[in-house]
Amino acid sequence: MTLTLRARLLLAHAAVLATALIAMALFAGAEQRRWVEQQSRATLERTCVQMARHLPQRADWDALADSLGHELGLRVTLIDGTGRVIGDSQVAGDELGRVENHAGRPEVKTALHGQSGGASRRSRTVGQELLYVAVPVVPDGDRPVAVARLAEPLIGVTMLDAALLRLSLLAGVLALLLSVPLLYGVTGWQAGRVRDIARAAERVGEGDFSVRAPERPDDELGRLGAGINRMAAELAARIESLARERDQGSRVLERMVDGVALIDTHGHILRANSALAALLSVEPPVSGTSLSEFARLPELVTLVETARTSSGPVESAIRAWAPGPKLLRSTAIRLESEGDTAIVLIVHDLTEAERVNRMRQDFVANVSHELRTPLTSMLGYAETLLHGGLEDLEHRESFVRIIRDQTERLQALVDDLLSLAELEQPSTRLRLGPFDLRDAATHELDTVRERAQRAGLALALEAPERIEVVADRPRIEQVLANLLDNALKYTENGRVTVRVGGNRTRAWCEVADTGVGIPAEDQPRIFERFYRVDKARSRELGGTGLGLSIVKHIVTLHGGEVSVTSTPGRGSTFRFEIPRGVRAPWSA
Ligand SMILES: Nc1ncnc2c1ncn2[C@@H]1O[C@H](COP(=O)(O)OP(=O)(O)OP(=O)(O)O)[C@@H](O)[C@H]1O
Ligand SMILES: [Mg+2]
């Protein structure tokens, strides 16, 4: 059984108190006894001196002793100079001869030497605890008595002892009864302080650094409390700085575009950033998930295993297929610490870089392809002319005409490519100026009026008011020209309508035709370079698929949008919208 601190304190205090009381009773008893003995002895001595002084010259000494003893109520002993007892009130006369010589008794010995002596002991003669006093008797004639002795039983002292013991016990019990509530309170208070401090220490141990242990009063417990408080504050500061460092690390990790993971010896993920999960298109891992289960890319697991046995970083380009194709450059680096081999895995997304690269390759292939057709044709006709064609009066002019047309087509292609190249340059600036969008539209319509007439198409402008914009006029005209060119090119009969309008902040323009239209699945792609819905037809009409991508570039540079609505067989409407005042980054 373990006792509470309070019970222990209480018991210790009670034990100390009881010991103190017992010691006090013993000391007081001894002192009392000494004092009572001394008093009795003094009285006895006085009586004895009186008695000695009045002894007769001669007498029956034993009878005298008997009568004196009877008179005084004490034991009277008369002793001669040799220590022989010649009279004793408690020994019969015929017994006296058998009484031991008393010269050796300490009090008698002292009296024989002429001084009064005293002692207390158990009498061998009468078998009782007695206090003795012996005085010398002044020699007078031939009186044999040399020493008179009185003895008194020590009953008073013994009774006193018993009374004292009773009193002491009573006082002790009383003191205990009175002090217990006080002790109970004091020990409770001390135990409470210890409990408070212990509780504070416990809470600190659990990580609650806001608790404070009591520091008052300023004794050992108070100082212990202050120590715990200092420790808590210090711990809190350290943990906070550690947490801050950790948070910074986590923030850096989280902000990273690359996926990063730390993998332990057993292939379990200790930590991973969300970029990694996003790159692999999976849920962020719970710490302890195995890499194979998380990534579902055997190549990645193999890479990590390879890194475990190689000294430097190992790298590999890994293809992932879910949800879409991806190219991931993955690097695994071994981290050695205290016999543990952790692996840092870094995954970088190369999909976009690969896409751009492929686009560039496709572009070169497309351009070469587009150049080849007119060049082949021109070369063919030039060869024909050289090998006798010049003499063919009937056809030679048409051959030369074809060569010129193809050259024009080449020129248009090269012009478009240059336009695109220029527009795609990051440093491209618009030459902004105020102009009327309706005016620009009218101008472009005028340019194609004759061509429309020839094709039997009606042209119309619906623009109720001037639409003032701040924009790059030549480029906006290029947009209009491209849209009109398409409208005329892909419309067999019907009309082409240009509408211009705007509100306070934006201006818009629509080019609507009643032509072949564009199938819904092609609509999102027609703004791509070289994209044509019907390649043969477009090429036949001299198109290369660059017009709309130029349109899109210019409108985007103006901070606007371009869109198309079209129904195959019924016609298309192209619409672009730009802010009336262009934002700063594009302006020159
Ligand atoms: N108004 C339209 N009606 C029907 N189809 C159109 C229209 N405008 C564009 N298209 C389709 O979109 C494709 C891309 O147009 P874009 O202007 O980029 O190229 P293009 O006209 O073929 O050649 P380029 O304009 O370079 O001479 C065209 O090939 C055509 O199939
Ligand atoms: Mg075009």
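Visitor: Which strands does H14 lie across, and at what angle does H14 run to E16?

Guide: This is a predicted model. In it, helix H14 covers residues 547-557. H14 lies across E16 and E17. Its direction relative to E16 is about 140 degrees.

Visitor: How many bridges join E16 to strand E17?

Guide: Strand E17 takes in residues 571-579. E16 and E17 run antiparallel. Glu-561 stands opposite Glu-577 in E17. The number of bridges joining E16 to E17 is seven.

Visitor: In what order do the five strands of the open sheet stand?

Guide: The pairing in this sheet is mixed. The order is E12-E14-E15-E17-E16.

Visitor: Why is one side of E12 and of E16 left without a neighbour in the sheet?

Guide: Strand E12 spans 457-462 and strand E16 spans 561-567. Each has a single partner strand, so one side of each has no neighbour in the sheet. The reason is their place: both stand at the edges.

Visitor: By how much are neighbouring strands of this sheet turned against each other on average?

Guide: Direction is ignored for this value. The average turn is 10 degrees.

Visitor: Which strands does helix H11 touch as it packs on the sheet?

Guide: Helix H11 is made of residues 437-455. Its direction makes about 170 degrees with that of E12. The strands touched are E12, E14 and E15.

Visitor: Which helices each supply at least two residues of the shell around ligand 1?

Guide: Ligand 1 is surrounded by 24 residues, with Asn-486 and Gly-547 among the closest. By class, the shell has nine nonpolar, 11 polar and four charged residues. The helices are H12 (473-489) and H14.

Notes. Residues are numbered from 1 along each chain as its sequence is written. Chains are lettered from A and ligands numbered from 1 in the order in which they are written. This is a predicted model: local features need pLDDT of at least 70, side-chain atom pairs count only at pLDDT 80 or more; totals for chains, interfaces and linings use all residues. A residue is near a molecule or strand if its C-beta atom, placed from the backbone, lies within 6 Å of it. Helices (H or I, at least four residues) and strands (E, at least two) are DSSP runs, numbered from the N terminus. Ala, Val, Leu, Ile, Met, Phe, Trp, Tyr, Cys and Pro count as nonpolar, Asp, Glu, Lys and Arg as charged, and the others, Gly among them, as polar. Two strands pair if DSSP finds at least two bridges between them. Axes are lines fitted to C-alpha atoms, for helices over the stretch in contact, and angles run from 0 to 180 degrees between N-to-C directions. Two residues are in contact if their C-beta atoms, placed from the backbone, lie within 7 Å.
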